[in-house]
Each structure stands twice: as C-alpha cells, then as structure tokens.
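Here is my note on the model you sent, written as numbered points. Please read it with the structure open beside you.

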Amino acid sequence: MKMTLSVIKADVGSIGGHIKPSAQLMKTVRDHIEANGTRKGLLIDSYISSTGDDIAILMTHTRGRLNEDIHRLAWNAFVAGTKVAKEQGLYGAGQDLLKDAFSGNVKGLGPSVAEMEIEERPNEPFLFFAADKTEPGAYNLPLFLGFADIMHCPGLMLSPSMAKGFRFVIMDVNYTEGDRIIELCSPEDTYDIAALLRDNSRFVVESIWSRSTGDQAVVASTQRLHNIAGKYTGKDDPVMLVRVQAQFPATGEVLSPYSIGHYAAGTMRGSHVGPMMPCKLNTTISYFDGPVVVTCAAFCVRNGKLTEPADAFDHPYWDWVRQNVSLKATEIRRQGFSGPAMLHYEELEYGGIVEKMKKLEKRFVVREAAKEPVEVGN
Ligand code: F6R
Ligand code: MG
Ligand code: MG
C-alpha cells in the first residue's frame, strides 16, 4: 500500500519563555486534528507531541507529499492553537506562523515539514526525530555516521542489502530562489559528502535513499525561518523521519551517533554552540535555554495505522550519555562568548552585535606609519 508519512511542526507559544507548550494548547491542536482530520477520513492516523517549545503533528494518509488539504489541516490546527496561546498569554504566541493566510502548502509559511511517500513494507518500523533549540544541519553528523560510517553502522559491511551504500540528497539552504540540491553517493563520494556536511548552517541532508532498492530511508526538514521572514525569528528546530531495518540501517545504528553529544548551533538566544542531548519524549528546555534537545519516537505502521510510540532514548544507557552531555554543555559555557562558544555574525539570532559593529567601525583608525614611535638603533 502506498502511504504518506507527514510531519508538520511549529512553535506557536510556550510557557515560561521557551520551555514547553501548555496542556491546553496541546489539547487544542490534538482536538483539531482529530475532529477535522481523522474523523473526516482525511487522515488514517496521527500522533501529536512536543519537544521543547515545538509541537509536531505526525500524520499518516494516502494523499502524497505537499497535499493542500493535509497542510491546511495542520496550519489550521496551529492557528487554533495560536488563539489559545494568546488567550493564555503564552510567550511567542503564533511565532512560527509567519504569513497571515494559508496558501497551497505550509512551505514558506513558517512551519517545518518532513514528508515521504512510501510503499509500506510488511514490517514497517520507522523513527520520528524532533530537535529543539537548534538548526536543520544538526542532523548532518548523526546521519553521516549512521548511514556511511561502519564504526556506527556495521550493517554496511554485514548486510548484503546495504552493501551498495546510500544516496544522499543535500540542500544548500542559503539559496532562496528555489531548492538548490546535490546528489552524492556513499561509499565513493564519502569525502565529498563530509566536505559539505561539515558546514551545518549551509548544507543540510534533505533525504537519503537506498542504492540497493531505490527506497527512501530519510527525510528531514530544511526550512530556515530567516530565509522566509528576511530576519532571524527563532531557530528552525528540525524534524526528521527515518525508516529502519532490512534494506536500511538498524534502529541501534541510526541511534548510535547520538551518544557523541556533538556540538551544534542554538541554545540561548539561538546564538550559541551547545551539545545535542538525546532526551525522553516531551522533554522540556532548561539550562541556558538548552541544551540542544533531540527526541526519538519509534513506531511501526500497518495500513497507515500507527502503533504506540516506543521512546528510543528512554533507557539507562542514555542516562549516562545525558550526564556526559551535561559536562560538555557546562564546559563550553565556561568560555561564555569567546570564539567557538558563540555563533558567527550571520547565524546570530539578534542584531545587537551587528549594530555594535556599525558604531565601532567608525571609531577604528589606521595608524599612520610616520607617527609610529621610531626605534633608535641599539
Ligand atoms: C527555538 C527558540 C530560540 C529563540 C531564541 C530567541 O525554539 O525558542 O531559538 O528563538 O532563544 O528567543 P527570544 O528572543 O524570544 O527569547
Ligand atoms: Mg522557540
Ligand atoms: Mg523551538
């Protein structure tokens, strides 16, 4: 059966700053999807969750990608949520709904989207990732390691169905005139893939495909709010779907790189560097408006019907990882604004430094050589 998995995600307001959406806001979004999606037969199933201050609507249906009715449903759920967020005085009410009216699909309107149309396998396990206080490129390293590095993904050498490797579709998210993409294949293009993926703020993995079967394994959101709004309006907090097992990496291989707690852009004022912490579902935000949080809900799906989620990072092993990531978070914080601890100009969420530089530029002088103290020979 051909089936579409769609995730549409937005921050439409949260409690106590950027911590989490309120229960009433979550209920409003859930009720809207239930009443207008599932009960009307538009959706087969759905799962609504929060990660930090973001609400993600995961939907199964048969209408394909970028379907107007599906996208309008999610948009309207966020509009209904925004009304409640405003009534409750939540912080940043409606902040990711950058346009006044819905048109066609939510791409370019603010919410993030990750969708794939699949031919359902008899056993269809997949993972739904959501990250908060970071940018789409934050998934680059774990995807590279999970799909192209045998140290994390031994299936690349052990499993005949993965022997041919994977095709990476990578997007240049700085390009705003359309989708500027490049397709590269591991293993032969591995060094080129790495050369692009080192630059998380510009090159982002959009999708990954099996070279053995041609099937899609990964789709990640690539939306950048500042490209839409013309200025920074918040980090882009990416969502991602990953199909696992058989012709794809095993769940444990995809999860393995998250044990690193790699540094990514985000946290406080969307302007710093912090380690990514693999957290339990519905985790909130705390220390230094971070750390960068990622959650993973594992599902199986049959004829579009979802199982309950299994919380992939809810295990004693990940408690130990979280302790280590906390140390990494504290360590980089100890150097405050200096060097790699804070993002470079273009990625800062606030214009303060740019304004400051404009003023300071006027005060710079080039010292005249003649006025230098002349050294008298010894
Ligand atoms: C992401 C997020 C941050 C904020 C940033 C600035 O979920 O909430 O990227 O956008 O911390 O927010 P203000 O200036 O509203 O505190
Ligand atoms: Mg936010
Ligand atoms: Mg957020």
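1. Asp172 and Arg202 form a salt bridge (a side-chain nitrogen of Lys or Arg within 4 Å of a carboxyl oxygen of Asp or Glu), and their closest N and O atoms are 2.8 Å apart. The pair links distant parts of the chain, since Asp172 lies in strand β6 (residues 166-172) and Arg202 in the loop between α5 (190-197) and β8 (203-210), 30 residues apart. Helices (H or I, at least four residues) and strands (E, at least two) are DSSP runs, numbered from the N terminus. Asp172 counts as buried, at 4% relative accessibility, whereas Arg202 is partly exposed at 30%; here buried means under 20% relative accessible area, exposed over 50%, and partly exposed in between, with a 1.4 Å probe and protein chains only.

2. Please keep in mind that this is a predicted model, in which local features need pLDDT of at least 70 and side-chain atom pairs count only at pLDDT 80 or more, while totals for chains, interfaces and linings use all residues. Residues are numbered from 1 along each chain as its sequence is written, chains are lettered from A and ligands numbered from 1 in the order in which they are written, and side-chain values use heavy atoms, with hydrogens and water left out.

3. How many salt bridges does the structure hold? There are 21 salt bridges, and one of them joins the side chains of Lys83 and Glu87 at 3.4 Å, N to O. Both residues lie in helix α2 (residues 68-87), four residues apart, which is about one turn of the helix, and Lys83 and Glu87 are both exposed. In another salt bridge, the closest N and O atoms of Glu331 and Arg334 are 3.3 Å apart; Glu331 is partly exposed, with a relative accessible area of 47%, and Arg334 is exposed, with 66%. Arg63, Glu68, Asp69 and Arg72 are joined into one network by salt bridges that share partners.

4. The magnesium ion (ligand 2) is coordinated by Asp11 (OD) and Asp53 (OD), at 2.2 to 2.3 Å. Donors are N, O and S atoms within 2.8 Å of the metal (3.2 Å for Na, K and Ca), and water is not among the atoms, so sites may look incomplete. Asp53 coordinates both this ion and the magnesium ion (ligand 3), the two ions being 3.3 Å apart. Asp11 lies in the loop between β1 (2-10) and α1 (23-38), and Asp53 in the loop between β2 (45-51) and β3 (54-61), so the pair ties together parts that are 42 residues apart in sequence. Asp11 and Asp53 are both buried.

5. Four strands form an open antiparallel sheet in the order β2-β3-β1-β4, where two strands pair if DSSP finds at least two bridges between them. β2 and β4 (112-119) stand at the edges with a single partner strand each, so one side of each is left without a neighbour in the sheet. Seven bridges join β2 to β3, and seven pair β1 with β3, while eight join β1 to β4. Within β3, Ala56 is the bridge partner of Ser49 and also stands opposite Lys9.

6. How many of the residues of β3 are buried? Eight of its eight residues are buried: Asp54, Ala56, Leu58 and Thr60 point one way from the strand, and Ile55, Ile57, Met59 and His61 the other way.
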